[in-house]
Amino acid sequence: MATGFFGDIAPIRYEGSTSENPLAYRHYDATRVVMGKTLAEHLRPAVCYWHNFAWAGSDMFGLPTFERPWFAETMAAARVKADVAFEMFSLLGVPYFTFHDRDVVPEGASFGDFTRNLAEITEYFQDKIKETGVKLLWGTANLFSHPRYMSGAATNPDPDVFAYAAAQVKNALDATAKLGGANYVLWGGREGYETLLNTDMKREINQLGRFLSMVVEYKHRSGFKGTLLIEPKPQEPTKHQYDYDVSTVYGFLQRFGLEKEVKVNVEVGHAYLAKHSFEHEVATAASLGILGSVDANRNDLQSGWDTDQFPNNAAELIPSMYAILRSGGLGNGGFNFDAKVRRQSIDPVDLLYGHIGGLDICAQALLAAARLIEDGKFDAFLSERYSGWANPKAQAMLAPDATLDGIAARVGAEGLDPKPRSGRQEWVENLINRYV
Ligand code: XUL
Ligand code: CO
């Protein structure tokens with residue numbers, strides 16, 4: 001039964017780029033095929049639970065601004081929340097959703113309550129998934145909001161907190177598996193430190209490695225078929241987080257022998273916080289073979305905070321979309337809108353505007369990147385730039401038997417005198433802008 005939360009708003013449809021209807025897609029034509037897949041198959045877009053249904057619009061200076069009928073810590077309210085959430089997924093026509101355990105149910109008075117509540121809503125979700133066809137892109141556990149986690153979850157100095165976090169992840173992983181989730185995400189918002197004056201870093205990183213190893217072991221034993229993903233972020237809420245960026249996470253995975261077991265969920269705003277571009281993080285993950293999924297959003301670059309706004313600049317996203325397409329796509333992953341409307345955007349329809357714009361921008365960027373690839377000009381430019389490496393003498397330098405002194409002898413004998421060549425940055429920037 002419809003909740004009436006969105007009034008008489010009809011399902012959002014694709015109407016083409018000339019449409020003036022603010023409640024229509026102008027670029028996201030879900031069934032349009034490019035490079036052998038539909039836009040829906042390329043993007044696998046997901047709506048997140050937390051920003052839309054759990055956050056109430058408060059900030060560090062102000063009280064909640066959103067009034068929602070499900071704002072109460074009861075299971076009845078959790079079901080109303082789920083009813084509205086699945087209505088919104090269906091209105092938007094998105095194929096996926098994402099959630100934290102704590103977004104979807106109250107904790108109750110004990111861990112037993114929390115476990116029962118999560119199991120109950122999981123069954124409720126199973127019916128909703130059957131009814132609507134909307135699937136789970138990933139589930140996760142919130143190991144950062146409750147005061148017990150203020151000094152970390154797996155990295156906490158108190159072993160009982162480590163145990164509590166392990167129990168919570170077990171339950172969230174079970175729920176994700178039961179719902180047929182394509183992935184399970186671990187974001188370590190409190191896995192880091194405020195000051196080294198009270199922190200044993202070596203011990204904490206070892207705890208984190210053991211914790212993740214147990215998650216991997218349990219995943220295999222419990223039969224969960226999805227992909228495990230770590231979501232890198234350099235800081236916020238802690239001053240320094242251990243999962244700083246994609247490269248750091250890869251080093252951590254290698255150290256614990258988990259680089260074939262765990263991939264990354266790359267978030268646009270987190271890349272900025274690490275003083276990287278999003279395309280840098282995506283391309284790094286792709287080159288390391290650990291590109292798993294994307295949290296789509298953007299930060300306000302003036303404030304320097306993780307503001308989680310909806311994407312609104314297609315041109316800026318093209319290099320990332322190019323890297324994703326070139327690496328063969330996101331596989332099990334997708335584009336999760338880890339984005340929230342501003343706290344003045346208090347009406348239900350604002351939730352729709354945010355997602356319509358974000359999804360349209362992603363579709364526009366993906367279509368542009370596909371044209372860029374199909375045209376071949378950009379690839380031709382790149383391969384010409386590296387064409388010298390096709391020379392057998394160049395290849396020989398990369399063979400295992402090549403030596404520094406051997407190369408030095410050849411430089412002298414052949415009188416090598418390499419001449420600088422233009423990198424053509426502006427030319428290539430202009431080329432890419434032609435595809436927007
Ligand atoms: C926090 C963040 C999280 C993760 C899931 O910055 O991005 O919402 O995506 O825990
Ligand atoms: Co995120």
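In the predicted model, the sulfur of Cys48 lies 13 Å from the closest cysteine sulfur, that of Cys362, which is too far for a bond. A disulfide would require the two sulfur atoms to be within 2.5 Å. Cys362 is accordingly in no disulfide, and the structure as a whole holds zero disulfides. Both cysteines are shielded from the surface: Cys48 counts as buried because its relative accessibility is 0%, and Cys362 counts as buried at 1%.

Tyr25 and Tyr28 are both buried. A tilted pair is formed by Tyr49 and Phe125, with 5.8 Å between the centres and 50° between the planes. Tyr49 belongs to helix 2 (residues 49-54) and Phe125 to helix 5 (residues 111-132), so this pair ties together parts that are 76 residues apart in sequence. Tyr49 is buried, at 0% relative accessibility, and Phe125 is likewise buried, with a relative accessible area of 1%.

Tyr49 and Phe125 also belong to one aromatic cluster, whose other members are Phe5, Phe6, Phe53, Trp70, Phe71, Phe86, Phe89, Phe97 and Phe99.

Two arginines are placed over aromatic rings. Arg68 lies over the face of Phe66, at 4.7 Å from the ring centre. For Arg148, which lies over the face of Tyr164, the distance to the ring centre is 3.9 Å.

How values were computed: Residues are numbered from 1 along each chain as its sequence is written. Chains are lettered from A and ligands numbered from 1 in the order in which they are written. This is a predicted model: local features need pLDDT of at least 70, side-chain atom pairs count only at pLDDT 80 or more; totals for chains, interfaces and linings use all residues. Side-chain values use heavy atoms; hydrogens and water are left out. Buried means under 20% relative accessible area, exposed over 50%, partly exposed in between (1.4 Å probe, protein chains only). Rings of Phe, Tyr and Trp (its six-membered ring) pair if their centres lie within 6.5 Å; planes under 30 degrees apart count as stacked, over 60 as edge-to-face and the rest as tilted. Helices (H or I, at least four residues) and strands (E, at least two) are DSSP runs, numbered from the N terminus. A charge sits over a ring if NZ of Lys or CZ of Arg is within 6 Å of the ring centre and within 35 degrees of the ring normal.
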